[in-house]
Amino acid sequence: MRQKTVKMETKRRNGRRYGAMLLGMLAVLLMLSTTAFASEKSDGARMKKVLKYFKAGNYELAEQYGSSLPKYASEKCVKNMPAKMKKAYRKVLKSYKPKVAYTIGESKFYNSVMAYYLTDVDNDGKAELMITYGSGVNANFYIYRYTSGKAVKVYDGYISSNRTLHAYPKHKGFIYHDAIQGGENLVVETLKGSSLKSKDYGHRMAYPYLTLGLELDGHSSYSTAKHRYVLDYSPLK
């Protein structure tokens, strides 16, 4: 009888300990989620300051806020992409095959996917897929949205390849930072239906260029051996 009582008491203690562990894990997950949200909100506020001061011509303050941002954007919707969405986007990327753009001697140079970006540009809580395809200064630019289990193209246009793309506060578009030949400009691009609406935040002739964080990772590198870009598919696996 005593042995049975001891066993029951041990089970109760183990149950309480296991319950406490679960509560602790839930608390940590909640804290991380809250911290990520707060960080994203704080980063968005600083990015707005960058745009405000750059447009006003106060480049020193724009630089202070721009350099204080994390180098790359980190979005909850990208981290939480479901497997079916990843598969659909991966399928789209692999449909853009490299094609010979021009030949120099015996070397062939290719048009290919130069970069792809995952970000929420329409504030629907889901990551869109943005693709640049080409080989030179100007590239084709496409945006896909995951809808009803499929990746659907919602924008088809062009973009300069001499630029970086950055997350815009509250997922209401993205920022286009064009910097070349001693000049730079900032533009906010907003997706409206099947069109991109541009809002210019100023241009200046200066070097070094503005340091701007929250960059969208292009997940690619250029292969001099293959004469084309090579993609990193790991975010979509």
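Mentor: A residue is called buried under 20% relative accessible area, exposed over 50%, and partly exposed in between (1.4 Å probe, protein chains only). This is a predicted model, in which local features need pLDDT of at least 70 and side-chain atom pairs count only at pLDDT 80 or more, while totals for chains, interfaces and linings use all residues. Residues are numbered from 1 along each chain as its sequence is written, and side-chain values use heavy atoms, with hydrogens and water left out.

Trainee: Is Y207 buried or exposed?

Mentor: Y207 is exposed, because its relative accessible area is 64%. Y209, at 22%, counts as partly exposed.

Trainee: How is the aromatic pair of Y207 and Y209 described?

Mentor: A pair of aromatic rings is described by the distance of the centres and the angle of the planes. Rings of Phe, Tyr and Trp (its six-membered ring) pair if their centres lie within 6.5 Å; planes under 30 degrees apart are stacked, over 60 edge-to-face, and the rest tilted. Y207 and Y209 are edge-to-face, with 4.9 Å from centre to centre and 90 degrees between the planes. The structure holds 10 aromatic pairs. Y96, Y133 and Y142 form one aromatic cluster.

Trainee: Which residues of helix 4 are buried?

Mentor: An α-helix has 3.6 residues a turn, so residues three or four places apart point the same way. In helix 4, M85, K86, A88, Y89, V92 and L93 are buried. These residues fall within an arc of 165 degrees seen down the axis, so they line one face of helix 4; the arc is that of the directions from the helix axis to the C-beta atoms. On the other side, A83, K84, K87 and K91 are exposed. The buried residues of helix 4 pack against strand 2, strand 3 (128-134), strand 4, strand 5 and strand 11 (228-231).

Trainee: Which residues touch the most other members of the largest nonpolar core?

Mentor: In soluble globular proteins, nonpolar side chains tend to be buried together. A nonpolar core is a set of buried Ala, Val, Leu, Ile, Met, Phe, Trp, Tyr and Cys residues joined through side-chain atoms within 4.5 Å. In the largest one, of 34 residues, M130, F141, I143, L165, F174, I175 and L186 touch the most other members. Its largest share, 5 residues, comes from helix 1. A second, separate core has 21 residues, including M85, V92, A127 and Y142. Leaving out residues up to four places away in sequence, L186 touches residues including V50, L51, F54 and I175.

Trainee: Where are S160 and K170 placed?

Mentor: S160 is in strand 5 and is buried, because its relative accessible area is 13%. Beyond four places in sequence, S160 is in contact with V137, N138, Y176 and D178. K170 lies in the loop between strand 6 (163-167) and strand 7 (174-180). K170 is exposed at 56% relative accessibility.

Key. Helix = DSSP H or I, 4+ residues; strand = E, 2+ residues; numbered from the N terminus. Contact = heavy atoms within 4.5 Å.
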